[in-house]
Amino acid sequence: MHKAGVKLLAGTDTPVPYCFPGSGVHDELELFVKAGLTPAEALLTATRSPAEYFDRTKDLGTVQRGKLADLVLLD
């Protein structure tokens, strides 16, 4: 589907057994990479692509001045 241009969105289906909120998205992004997406493409499935789908790119989806964001920066 990705190769055909279909936009993909990350999203875990809880309360499915062994699918945990938070870390489940990390697992899903890893599976996207194993399925052939680049790490950057996988990250877009959980950031910019959902904002585009919900027509919220003015406020969400990328790190830019004036947008809403929760960030944790680690060394």
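Because the model is predicted, local features need pLDDT of at least 70 and side-chain atom pairs count only at pLDDT 80 or more, while totals for chains, interfaces and linings use all residues. Residues are numbered from 1 along each chain as its sequence is written, and side-chain values use heavy atoms, without hydrogens and water.

The chain contains three helices and zero strands, where helices (H or I, at least four residues) and strands (E, at least two) are DSSP runs numbered from the N terminus. The C-alpha trace spans about 35 × 30 × 30 Å along its principal axes. Of the 75 residues, 16% are buried, that is, under 20% relative accessible area (1.4 Å probe, protein chains only), with exposed meaning over 50% and partly exposed in between.

Phe-54 is located in the segment after helix H3 (48-53). This residue counts as exposed because its relative accessibility is 56%. Together with Leu-9 and Tyr-53, Phe-54 makes a nonpolar surface patch of about 360 Å². Patch residues have over 30% relative accessible area and no salt bridge; like charges are joined within 9 Å and nonpolar side chains (Val, Leu, Ile, Met, Phe, Trp, Tyr) within 5 Å. A salt bridge is a side-chain nitrogen of Lys or Arg within 4 Å of a carboxyl oxygen of Asp or Glu. Accessible areas come from the Shrake-Rupley method with a 1.4 Å probe, and for residues only the protein chains shown count as cover.
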